[in-house]
Amino acid sequence: ATVSVLYCTLTMMLTTITLFVTTALGIDQKHINGDSWVSEPPKVKKKPTIPLWTDLPPRERGPPPYVPPSDWVYNTTGGPVEGKINVHLVPHTHDDTGWQVTVDQYFYTEVYYVIDTVITRLFDDPNRKFMYVEVGFFARWWDQQPEKKKDMARTVVKNGQFEFVNGGWCMHDEASPYYVEMIDQTTRGHQFLKKNFGIDAMPKGTWQIDPFGHSNTNAWLIGAESGMNYQFWGRMDYQDFAMRANHSGLEWIWQGSQSLGKSAQIFAGQLYGHGRGGYATWFTFNKNGPQVQDDPSRHDYNVDDIVDQFVQNARQQSSSYKTEHQIWACGGDFNYQNADHWYHNLDKIIHYINKNGSVNAFYSTPTFYVEQKKKANVSWEVRQDDIFPLADDAHHYWSGYFTSRPSLKRQVHVASNFLNAARQMEVIEKVNTSQINNPTVRPSPPVGPSWTDSLEGSIGVATHHDGMSGTERQDVSDDYELRISESHGEVEEGVALSFKKMIQMN
């Protein structure tokens with residue numbers, strides 16, 4: 001008994017110490033549980049509402065409920081159908097510009113293959129869609145492509161199949177950066193898109209699915225005042241989510257600025273995930289997990305079960321949202337490295353769900369989803385407050401990152417101030433890149449010809465929600481600091497030359 005009491009006491013002490021340390025250092029639950037609560041489907045599926053074909057005795061089965069088309073070409077056409085639950089399937093990936101490994105390590109090992117295979121698969125079927133956020137990664141991919149592949153990318157962007165949302169250099173944190181840093185990194189991404197794709201690629205909304213809380217400043221300044229129409233996210237306080245989910249209140253009109261009011265409002269909402277928030281949905285086809293098996297001549301036929309699960313989940317989700325439209329975020333962290341896994345299965349799901357007819361499903365984007373929401377004749381709640389801090393369980397507040405890694409936070413702010421001063425001197429004294437003898441050795445993917453360009457990109461990638469927030473590993477934090485320091489040297493020389501010209505002029 002004494003040993004048992006001692007064991008329990010030690011366990012409680014260790015738990016308390018762990019919670020204290022993780023909160024103090026800003027190490028959030030994302031690192032403890034692998035972010036599964038937002039990026040993975042539930043482990044337990046719903047009980048079937050129909051007799052499954054493979055569960056019946058072979059002599060009692062009869063013909064299978066669903067069979068593949070004779071030419072094996074699945075019908076992926078479709079759109080909203082009035083009077084039905086309309087499920088907008090939105091393929092996406094969430095690509096951290098640094099977290100467990102550095103931004104370049106993520107690019108070469110994972111993100112390159114996401115963008116590369118998605119572009120090809122979209123080109124194969126004009127009905128397929130995809131949305132992308134982190135232009136800092138896309139620019140790295142773009143710089144390494146032959147003209148033929150760039151033309152494919154231009155085509156799918158122009159067709160509206162590949163939609164940029166946010167369009168910033170990264171998915172920035174909303175608590176640690178100053179508003180100037182959020183504007184700069186967003187502007188940099190938009191400049192890249194306009195330069196290489198024109199007006200077709202300009203984002204129409206924001207997709208802040210992974211930051212650990214949301215600022216009303218982001219809603220009106222990076223949202224409405226930047227030409228955005230909407231904002232979605234994957235995290236909010238678990239009690240707030242539960243209350244809103246029970247009253248069809250997970251979407252609303254956000255007036256982030258009390259002074260600007262309606263002129264700076266956007267449509268905003270929390271993704272449903274798989275029932276408690278998050279930026280995944282009820283299923284995943286990433287890598288080599290469960291697949292849609294629709295060939296009755298093979299083992300493990302399961303398409304009837306998947307259709308039944310889909311319909312049940314759509315009906316459950318419909319009770320938490322106004323209107324007959326709902327959005328399913330089909331993806332997660334670094335998904336679609338082999339896009340065939342997702343698209344082959346989603347093609348089947350759309351084909352068979354629409355054959356079933358209980359609900360309606362089709363490929364979509366956040367922009368198209370919001371357009372359908374705005375057509376509905378319903379009244380929306382108006383909010384003006386922010387969404388800080390959030391918790392995912394009792395005593396699990398995501399607040400340590402407000403103060404963690406103070407040296408990196410300071411470095412970003414100081415470098416940002418220096419960058420703004422350097423830009424002004426660059427314009428006034430007209431010092432150009434050819435006059436700089438200390439260029440950055442490993443520069444950020446270029447957007448413009450300026451000697452401040454690389455520092456702008458280095459600061460931009462560090463505003464990431466796993467960057468200056470402090471939730472990344474130590475070696476990744478070191479990498480952010482190194483990039484800023486290297487680019488800082490180039491700008492210092494430009495400022496020195498500008499000062500020299502200024503003094504000589506006077």
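In which sense do strand 4 and strand 5 pair, and over how many bridges? Strand 4, residues 206–207, and strand 5 pair in the parallel sense over 2 bridges; strands pair if DSSP finds at least two bridges between them. Helices (H or I, at least four residues) and strands (E, at least two) are DSSP runs, numbered from the N terminus.

Before I continue, please note that this is a predicted model, in which local features need pLDDT of at least 70, side-chain atom pairs count only at pLDDT 80 or more, and totals for chains, interfaces and linings use all residues. Residues are numbered from 1 along each chain as its sequence is written, and side-chain values use heavy atoms, with hydrogens and water left out.

Within strand 5, Gln231 is the bridge partner of Thr206. Strand 5 is also joined by 4 bridges to strand 7, residues 265–270, and the two run parallel. There, Phe232 has Gly269 as its bridge partner.

In a regular strand, side chains alternate between the two faces of the sheet. Strand 5, residues 230–233, has both faces covered: Tyr230 and Phe232 on one side, and Gln231 and Trp233 on the other, are all buried, meaning under 20% relative accessible area with a 1.4 Å probe, protein chains only.

I turn now to the helices. Helix 7, residues 179–197, packs against helix 8 at an angle of about 40 degrees, with the axes 11 Å apart. The contact (heavy atoms within 4.5 Å) is made by Tyr179, Met182, Ile183 and Thr186 of helix 7 and by Asn218, Leu221 and Ile222 of helix 8.

Definitions and conventions: Buried means under 20% relative accessible area, exposed over 50%, partly exposed in between (1.4 Å probe, protein chains only). Axes are lines fitted to C-alpha atoms, for helices over the stretch in contact, and angles run from 0 to 180 degrees between N-to-C directions.
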